Amino acid sequence: MTQEKMTEERNEFIAQAQEKLDLLNAKIKGLEAKANEKTGDARRELKIKLNEIRESKDKAEQRLQELRAASQPAWEDLKLGVEQAWKSVANAADSASKRFQ
């Protein structure tokens, strides 16, 4: 693969990851609104879940920052970490959305 192609692939991956994080931020805001509508145990449970989601999102954002700063040869290794972090946080957010509809 040429250097130009690798750079293009990297930039595309970073842009897609940023789009996913933007969507996740919107989902988190929606869950925060739902938490404010809930009372009692449901509210506490959703707030706990939101904190877990935010922590996972922060880790995913940190990995994305590392990926942006990484050299071309290192980015493939970091890409896997970003993908794994993203899957974790996306699953948690989807689960919370379904649980607290």
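## Val82 and its surroundings

Val82 touches Phe13, Ala17, Arg63, Leu64 and Leu67, leaving out residues up to four places away in sequence; contact here means heavy atoms within 4.5 Å. The model is a predicted one, in which local features need pLDDT of at least 70 and side-chain atom pairs count only at pLDDT 80 or more, while totals for chains, interfaces and linings use all residues. Residues are numbered from 1 along each chain as its sequence is written, and side-chain values use heavy atoms, with hydrogens and water left out.

Val82 lies in helix H3. Helices are DSSP runs of type H or I with at least four residues, numbered from the N terminus. At 6% relative accessibility, Val82 is classed as buried. The term buried means under 20% relative accessible area, exposed means over 50%, and partly exposed covers the range in between, with a 1.4 Å probe and protein chains only. Val82 and Ile14 are separated by 68 residues in sequence, and their C-alpha atoms are 9.5 Å apart in space.

## The largest pocket

Val82 also belongs to the lining of the largest pocket, together with Phe13, Gln16, Ala17, Lys20, Leu21, Ala60, Leu64, Glu83, Trp86 and Lys87. A pocket is found on a 1 Å grid over the protein atoms alone, as an open set of points where a 1.4 Å probe fits, with protein on both sides within 12 Å along at least five of seven lines; lining residues have an atom within 4 Å of a point. The space in this pocket is about 160 Å³. Its volume is the space filled by probe spheres set on the points, and grid points are joined across faces, edges and corners.

Helices H1, H2 and H3 each supply at least two residues of this lining, and the largest share, five residues, comes from H1. By residue class, the lining has seven nonpolar, one polar and three charged members. In this scheme Ala, Val, Leu, Ile, Met, Phe, Trp, Tyr, Cys and Pro count as nonpolar, Asp, Glu, Lys and Arg as charged, and the others, Gly among them, as polar.

## The nonpolar core

The largest nonpolar core has 25 residues, and those with the most contacts inside it are Leu24, Ile53 and Leu67. Such a core is a set of buried Ala, Val, Leu, Ile, Met, Phe, Trp, Tyr and Cys residues joined through side-chain atoms within 4.5 Å. The elements giving two or more residues to this core are helix H1 (3–37), helix H2 (40–69) and helix H3 (72–99). H3 gives the largest share, nine residues. In soluble globular proteins, nonpolar side chains tend to be buried together.

Ile53 is found in helix H2 and is buried, with a relative accessible area of 0%. Apart from residues up to four places away in sequence, Ile53 touches Ile28, Leu31, Val89, Ala92, Ala93 and Ala96. Ile53 and Asn91 are 38 residues apart in sequence, with 9.3 Å between their C-alpha atoms.

## Salt bridges between helices

The whole structure contains eight salt bridges. A salt bridge is a side-chain nitrogen of Lys or Arg within 4 Å of a carboxyl oxygen of Asp or Glu. One of them joins the side chains of Lys27 and Asp94 (2.4 Å, N to O). Lys27 lies in helix H1 and Asp94 in helix H3, so this pair ties together parts that are 67 residues apart in sequence. Lys27 is partly exposed at 30% relative accessible area, and Asp94 is partly exposed at 33%.

A salt bridge is also formed by the side chains of Arg54 and Glu32 (2.6 Å, N to O). This pair links distant parts of the chain, with Arg54 in helix H2 and Glu32 in helix H1, 22 residues apart. Arg54 has a relative accessible area of 27% and is partly exposed; Glu32, at 29%, is partly exposed.

Glu61 forms a salt bridge with Lys57, with the closest N and O atoms 3.2 Å apart. Both residues lie in helix H2, four residues apart, about one turn of the helix. Glu61 is partly exposed at 27% relative accessibility, whereas Lys57 counts as buried at 11%. Lys57, Asp58 and Glu61 are linked in a network of salt bridges.

## Ser97 in helix H3

Ser97 lies in helix H3 and is buried, with a relative accessible area of 17%. Leaving out residues up to four places away in sequence, Ser97 touches Lys27, Leu31 and Lys34.
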